[in-house]
Amino acid sequence: MKKFGPDPDKAFPNEKIPSLCYIKNVIKNPNIIVGDYTYYDDVDGAENFEKHVTHHYEFIGDKLIIGKFCAIAKGVEFIMNGANHRMDSATTYPFNIIVNGWEI
């Protein structure tokens, strides 16, 4: 039986287009979960997708989950929950990420 379509476990589905990458195969952070065939297109290094996920602190426990068959373009930034400030107190100072007794 002949298999149709590109291999979802290959980082670069078309070697002739090095800007296009199946990102699930290049991410290292276990808190970033990406479905099959989701690709990122960036001529400056598609394999560097994780640099575009900011304020993603492990101790907060956030997960970035991206489904299957998504297209992510160059310039996209995923700003995670660690960038948020409390809005239910007298200050927006980020005590929860400074730690050493200031955690919530």
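View A. Asp 36 has 23% relative accessibility, which puts it in the partly exposed class. Buried means under 20% relative accessible area, exposed over 50%, and partly exposed in between (1.4 Å probe, protein chains only). The model is predicted: local features need pLDDT of at least 70, side-chain atom pairs count only at pLDDT 80 or more, and totals for chains, interfaces and linings use all residues. Residues are numbered from 1 along each chain as its sequence is written, and side-chain values use heavy atoms, with hydrogens and water left out. Asp 36 forms a salt bridge with Lys 24, at 2.6 Å from N to O. Lys 24 sits in the loop between strand E1 (20-22) and E2, and Asp 36 in the loop between E2 and strand E3 (39-41), so the bridge ties together parts that are 12 residues apart in sequence. Helices (H or I, at least four residues) and strands (E, at least two) are DSSP runs, numbered from the N terminus. Lys 24 is also partly exposed, at 24% relative accessibility. A salt bridge needs a side-chain nitrogen of Lys or Arg within 4 Å of a carboxyl oxygen of Asp or Glu. Asp 9 joins Lys 24 and Asp 36 in a network of salt bridges.

**View B. Lys 74 and Asp 44 form a salt bridge.** Their closest N and O atoms are 2.7 Å apart. This pair links distant parts of the chain, 30 residues apart: Lys 74 is in the loop between strand E6 (71-73) and E7, and Asp 44 is in the loop between E3 and strand E4 (53-54). Asp 44 is exposed, with 56% relative accessible area. Lys 74 is partly exposed, at 44%.

**View C. Glu 15 forms a salt bridge with Lys 10.** The closest N and O atoms are 2.7 Å apart. Glu 15 is exposed, with a relative accessible area of 57%. Lys 10 is partly exposed, at 35%. The structure holds four salt bridges.

**View D. The largest nonpolar core has 14 residues.** Such a core is a set of buried Ala, Val, Leu, Ile, Met, Phe, Trp, Tyr and Cys residues joined through side-chain atoms within 4.5 Å. Ile 23, Ile 32 and Phe 49 have the most contacts inside this core. Strands E2 (32-34) and E5 (64-66) each supply at least two of its residues. Beyond neighbours within four places in sequence, Ile 32 touches Ile 27, Phe 49, Glu 50, Val 53, His 56 and Leu 64. Contact here means heavy atoms within 4.5 Å.

View E. The structure holds zero disulfides. For Cys 21, the nearest cysteine sulfur is that of Cys 70, 14 Å away. Cys 21 is buried, with a relative accessible area of 0%. Cys 70 is partly exposed, at 26%.

**View F. Tyr 93, Ile 98 and Trp 102 make a nonpolar surface patch.** The patch covers about 290 Å². Areas follow the Shrake-Rupley method with a 1.4 Å probe; for residues, only the protein chains shown count as cover. Patch residues have over 30% relative accessible area and no salt bridge; like charges are joined within 9 Å, nonpolar side chains (Val, Leu, Ile, Met, Phe, Trp, Tyr) within 5 Å. Tyr 93 lies in the loop between strand E7 (78-79) and helix H1 (95-98). At 38% relative accessibility, Tyr 93 is partly exposed.

Key: A disulfide is a pair of cysteine sulfur atoms within 2.5 Å.
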